[in-house]
Amino acid sequence: MQEAIGRAGTPINGGSAQSGSRVMVEARAVSKHFGSGEQVVKALDAVSVGIREGEFFTLLGPSGCGKTTLLRLIAGFEHPTAGAILLDGADISGLPPFRRPVNTVFQSYALFPHLTVAENIGFGLEMLGRPKAEIAETVAEMLQMVRMEAMRDRQTSQLSGGQQQRVALARALAPRPKVLLLDEPLSALDLKLRKEMQVELKRLQTETGITFVFVTHDQGEALAMSDRIAVMSEGNVLQVGSPTEIYEHPADHFVASFIGETNFLTAAVEGVDGGQVRLRLGGTLEVRAGLPDGMAPGPSVTVVVRPEHLRIADRDAGEGLPATVSDVVYLGTDTHYHLRLAGGEELFARVQNRPEGGEAWRVGDAVSAGFPPAAVRVLRD
Amino acid sequence: MAGPAAPALAPARTGETAARAARIRRNWLLATPALVLLLLAASGPLLVVVVYSVLEPGEYSGVVWELSGEGWFRVLFHRDIFDDTLSLADAHLTIFWRSASISLLTTAITLVLGFPTAYFIATRPPTQRMLWLFLVTIPFWTNLLIRTFAIMEVIRNEGILNSWAMKLGLIQAPIQILYTDTAVLIGMVYVYLPLMVLPLYAAMERLDFRLVEAAYDLYASRWRVLTRVIVPLVRPGIVAGSILVFIPSLGAYVTPRVLGGGKNMMISNLIELQFGEGRNWPLGAALSMTLLAFVMVALLVYVRNMSKVERRG
Ligand SMILES: Nc1ncnc2c1ncn2[C@@H]1O[C@H](COP(=O)(O)OP(=O)(O)O)[C@@H](O)[C@H]1O
Ligand SMILES: [Mg+2]
């Protein structure tokens with residue numbers, strides 16, 4: 001009870017990685033190749049990842065990076081070329097989908113057109129041979145949970161996209177799987193509905209306590225919903241962490257650029273002491289920044305500074321990098337400034353608009369772009 | 001509001017209506033020859049058959065224009081030529097029964113054989129499917145009679161099947177298959193199998209295989225996926241294939257004639273006999289009408305049952 005309240009109380013963006021809880025799904029050095037010979041496609045390349053019990057885990061990456069393939073390997077529709085898939089500690093690599101306590105919400109929903117809403121939801125339980133009374137009870141419960149009681153006896157073709165989505169969710173949750181797999185379930189919905197369903201999905205996950213593995217290419221969606229995120233690219237998992245870790249401590253260039261917007265700067269290394277490094281930016285600005293674990297930097301490193309951490313000041317008042325405003329985009333909540341540094345590098349700053357209306361710069365203004373030292377992140381090369 | 005606009009629009013609309021009417025008239029005109037032909041070709045012979053079935057048989061062939069119920073009567077009853085005693089026409093009943101059972105068996109067997117075949121083709125990559133379909137239709141390239149004689153060559157006592165089985169030591173003496181109901185059945189299954197595969201394939205090609213995955217995901221074993229998802233979804237193909245096989249099976253002539261060897265007749269052979277050696281056209285006509293009634297009743301029962309199954313889900 002205590003835990004349930006605590007979890008419900010955490011803000012959606014809390015990203016509380018449930019440390020200490022056991023691993024529910026594990027991919028051990030899983031590779032999946034399609035085709036053979038010259039045309040072989042390495043959809044997954046020795047991917048290892050552990051998904052903890054009861055967490056909302058997201059696979060995030062651009063189209064074609066292997067997210068669906070990993071999901072299908074967990075569901076059992078594909079079998080790994082190498083490596084193993086473990087569920088709750090047991091190797092399930094050889095089991096067919098119908099022997100895995102794992103259910104999928106398909107991107108296309110894949111509702112059975114010849115069955116009613118209630119029959120769709122009860123299908124899994126019926127296949128498991130549960131008694132009729134129990135099935136009826138669970139179906140009623142599920143219909144209530146996804147707020148579709150009124151649609152009980154409808155044909156699925158009579159439902160809207162959002163309603164089909166709810167039925168697909170109820171159908172996958174009804175057998176109470178250990179893991180629920182969701183492959184871009186919201187991508188077919190319009191923006192408003194998508195936002196609603198994000199909240200809805202999060203609520204369902206909290207209510208049921210089932211481990212969710214959610215696939216998306218939308219970083220905003222991933223940040224808003226996940227306990228932890230695995231960022232994928234070209235068949236590899238690049239980083240696994242809470243939304244905060246991923247956003248604030250991106251492991252590499254790809255993660256930094258894929259999650260949110262960011263500025264990349266080249267900095268000269270002045271000296272290293274312990275886990276810290278002294279950097280010189282733009283020839284003038286000296287900052288100290290933390291080094292990623294075990295990194296031994298060369299003569300120069302790449303650092304990232306998020307646009308919302310940049311501070312713009314008058315050229316003579318600031319202590320930052322001298323720059324010229326090259327473009328201004330007013331967006332209501334904030335204003336985007338594009339800046340050009342003396343060396344020709346481009347910077348992008350996001351400044352929140354204040355009620356009193358702060359200083360505003362115009363194209364061509366000579367300014368200074370500064371940032372607190374804590375905003376600087378050194379990337380691994 | 002519409003007042004001022006109406007007069008301006010009215011002439012235009014009338015013009016459009018007139019053009020449309022003219023177009024429809026022209027289309028009807030173009031369709032008329034075909035419609036007349038269809039009407040004559042379908043109803044003309046049927047009418048002739050209906051009329052002949054209630055006339056007296058002629059001495060050697062043809063009919064005598066005198067009303068008589070004898071043709072219909074003889075479908076079911078036999079009148080002894082010497083003492084006029086009546087008995088059930090056992091021979092006719094046997095032939096009806098054979099026709100019905102062989103046709104049903106042919107439909108069932110082609111369904112069982114055709115279903116996995118169609119599934120196999122539908123699950124090939126799209127580029128390969130055409131090749132497989134092409135292979136299925138190859139038998140249509142040769143004349144039915146030739147194909148039937150080919151079957152005969154395979155199953156006759158000195159044929160490929162028996163001589164190989166004997167060489168392999170499976171049997172000591174040849175098994176008599178030719179001129180049995182089994183031979184007719186084998187021939188019919190062979191001839192009508194493509195008619196089952198094609199509509200089944202058409203239905204399976206449209207099947208959303210993601211639904212099959214969804215069913216596997218929801219703990220359905222392979223058998224349950226077949227019976228609970230695939231079969232209900234390809235039901236239109238099953239219905240179409242069964243009708244396409246059953247109707248021509250019931251009226252099959254060449255296959256029972258060649259492989260049944262004249263002894264193992266089906267309805268069509270019996271009908272032909274009445275118009276030929278039997279010299280009883282009214283009986284032949286009445287038998288034709290009986291066959292037609294068979295087909296209609298069978299279709300009605302089948303479609304009724306299928307839609308009942310559909311409603312039950
Ligand atoms: N059945 C398949 N046959 C061949 N290539 C495939 C197959 N499934 C996926 N791929 C390839 O594997 C890669 C990863 O695909 P996928 O897992 O669907 O990516 P994502 O879901 O991240 O968009 C892609 O290059 C895709 O073309
Ligand atoms: Mg995908």
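Modeller: What follows begins with the conventions, turns to the interface, and ends with the sheets and the annotated spans.

This is a predicted model, in which local features need pLDDT of at least 70 and side-chain atom pairs count only at pLDDT 80 or more, whereas totals for chains, interfaces and linings use all residues. Residues are numbered from 1 along each chain as its sequence is written, chains are lettered from A and ligands numbered from 1 in the order in which they are written, and side-chain values use heavy atoms, with hydrogens and water left out.

Taking contact as heavy atoms within 4.5 Å, the interface draws 26 residues from chain A and 17 residues from chain B. The buried area, meaning the accessible area (1.4 Å probe) that two parts lose on being put together, summed over both, is about 2,100 Å² between chain A and chain B, and carbon and sulfur atoms give 63% of it. On the chain A side, A:Phe98, A:His114 and A:Met127 lose the most area to chain B, and together they make up 33% of what that side buries.

As for polar pairing, a polar contact is a pair of N or O atoms within 3.5 Å, where within protein one must be able to donate a hydrogen and the other to accept it, and residues adjacent in sequence count only if both atoms are side-chain atoms. By that rule, seven residue pairs are in polar contact across the interface of chain A and chain B, with both residues at pLDDT 80 or more. Helices (H or I, at least four residues) and strands (E, at least two) are DSSP runs, numbered from the N terminus; helix 2 (67–75), strand 6 (102–105) and helix 3 (117–127) of chain A each supply at least two residues of the side that touches chain B. The largest share of that side, four residues, comes from helix 3 of chain A. By residue class, the side of chain A that touches chain B holds 17 nonpolar, five polar and four charged residues, where Ala, Val, Leu, Ile, Met, Phe, Trp, Tyr, Cys and Pro count as nonpolar, Asp, Glu, Lys and Arg as charged, and the others, Gly among them, as polar.

Side chains of opposite charge can pair when their charged atoms come close. With a salt bridge defined as a side-chain nitrogen of Lys or Arg within 4 Å of a carboxyl oxygen of Asp or Glu, the whole structure has 30 salt bridges over all chains, and the count between chain A and chain B is two. In one, B:Glu213 pairs with A:Arg72, with the closest N and O atoms 2.7 Å apart. B:Arg228 also forms a salt bridge with A:Glu126, where the closest N and O atoms are 2.5 Å apart. B:Arg228 lies in helix 9 (residues 222–233) of chain B and A:Glu126 in helix 3 of chain A, so the pair joins two chains.

Turning to the sheets of chain A, two strands pair if DSSP finds at least two bridges between them. Four strands form an open antiparallel sheet in the order 2-1-4-5. Strand 2 (41–52) and strand 5 (90–91) of chain A stand at its edges with a single partner strand each, so one side of each is left without a neighbour in the sheet. Strand 4 (residues 82–87) and strand 5 of chain A pair in the antiparallel sense over two bridges, and A:Leu87 stands opposite A:Ala90 in strand 5.

Finally, UniProt positions are given in the numbering used here, feature names are shortened, and annotations may be inferred rather than shown by experiment. An unreviewed UniProt entry places "domain: ABC transporter" at residues 25–259 of chain A, a span that is 36% helix and 26% strand.
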